[in-house]
Amino acid sequence: MIVIKDLTYGYHSRNTLFQELNLTLPPGKVYGLLGKNGAGKSSLIKNMAGLIFPQTGSCTINGLEARHRRPEFLAQIFFIPEECELPPVTIPAFLRIYSVFYRSFDEGAFYEYLRIFNVPENCQLDKLSFGQKKKIHIAFALAANTNVLIMDEPTNGLDIPSKIEFREIITRTRRHDKITIMSTHQVKDLDGLIDSVIIIDQGRVLLSADKEEIGQKLYFGDKQTGDDTSLYGIDTPAGRRIVRRNNGIETSTLDLELLFNAAIYNLPGIRAVFQTQ
Ligand SMILES: Nc1ncnc2c1ncn2[C@@H]1O[C@H](COP(=O)(O)OP(=O)(O)OP(=O)(O)O)[C@@H](O)[C@H]1O
């Protein structure tokens with residue numbers, strides 16, 4: 001469980017990014033963290049990973065405070081930053097140096113993920129392309145089998161086949177006791193992958209809800225003639241797509257773009273539906 005309690009944080013004392021932010025993330029789920037540029041996604045996940053520290057409030061993972069960075073905390077969390085650098089070593093050397101920090105590291109799984117991702121095994125890591133480096137990080141992170149996996153823009157730099165493979169590998173490595181958080185703008189890459197959506201803006205959590213709850217409360221679809229109950233709508237080449245309150249029995253496919261825009265541009269409407277402050 002990740003518990004963020006009254007988190008206040010800013011890079012400068014005069015400029016606060018988060019003001020008493022609260023968020024609880026139970027295990028067993030894949031979370032999609034969404035927000036506009038500069039909303040604070042990276043800063044929030046860096047607080048969770050203990051890479052930057054709250055000014056007040058706390059951020060704990062399974063009861064351990066991130067800011068203390070105790071060995072038992074670091075052993076259960078893996079953070080993949082947006083920009084991934086790798087040292088000038090071979091893959092076996094990399095594994096020898098870094099895998100020892102993770103008790104449950106599965107070397108066989110690591111090489112399997114590399115094969116799925118089509119990354120050459122005989123290489124000097126610093127000579128790889130941006131996307132290949134990202135794949136090495138993802139393969140290593142998943143093989144590390146940590147309880148918490150946090151990824152900042154994980155699909156950035158991945159080619160189209162690799163994005164599909166990425167989704168398959170994430171699905172395959174799901175566990176009831178694992179928390180996976182993906183911060184991204186590439187909402188299409190999250191399709192079918194996430195269980196829960198967190199939307200942040202201007203230092204606030206606009207929405208934190210599971211897919212099931214969203215499906216029960218909201219309907220995503222084409223605008224019908226005469227229907228003006230939409231919370232938000234967007235014109236597409238195929239017609240106007242809208243999100244509106246669900247009457248409780250309709251089923252529709254979650255449209256993350258519509259949901260995101262509705263939360264940004266019609267927050268009172270979304271809050272009324274989810275009965276949040
Ligand atoms: N090291 C830093 N020093 C000062 N300000 C920073 C630093 N890193 C981020 N910020 C500021 O904090 C705010 C949030 O940045 P952050 O990178 O967390 O946003 P983000 O949601 O991840 O953005 P993006 O989607 O563009 O990656 C921005 O206004 C940014 O300018």
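**A tour from strand β7**

Start with a pair: select Ile80 and Met151, the latter in β7; the two are bridge partners. This is a predicted model.

Now widen the selection to residues 77-80, strand β6. β6 and β7 run parallel, joined over 4 bridges.

Show the side chains. Val148, Ile150 and Asp152 point one way. Leu149 and Met151 point the other way. Both sets are buried, Asp152 included. In a regular strand, side chains alternate between the two faces of the sheet.

Move to the other partner. Select residues 179-183, strand β8. β8 also pairs with β7 in the parallel sense, over 5 bridges. Pick Ile150 and find its bridge partner in β8: Ile181.

Zoom out and colour by domain. Domain 1 covers 2-202 and domain 2 covers 210-274. Their C-alpha centres are 29 Å apart. Where they touch, domain 1 supplies 9 residues and domain 2 supplies 9 residues.

Last stop: select residues 196-201, strand β9. On the side of domain 1 that touches domain 2, β9 gives the largest share, 4 residues. Colour that side by residue type: 6 nonpolar, 1 polar and 2 charged.

Definitions and conventions: Residues are numbered from 1 along each chain as its sequence is written. This is a predicted model: local features need pLDDT of at least 70, side-chain atom pairs count only at pLDDT 80 or more; totals for chains, interfaces and linings use all residues. A residue is buried if 20 or more other C-beta atoms lie within 10 Å of its own, exposed if 12 or fewer, and partly exposed in between; C-beta atoms are placed from the backbone. Two strands pair if DSSP finds at least two bridges between them. Domain bounds come from an automatic or database domain assignment. Two residues are in contact if their C-beta atoms, placed from the backbone, lie within 7 Å. Ala, Val, Leu, Ile, Met, Phe, Trp, Tyr, Cys and Pro count as nonpolar, Asp, Glu, Lys and Arg as charged, and the others, Gly among them, as polar.
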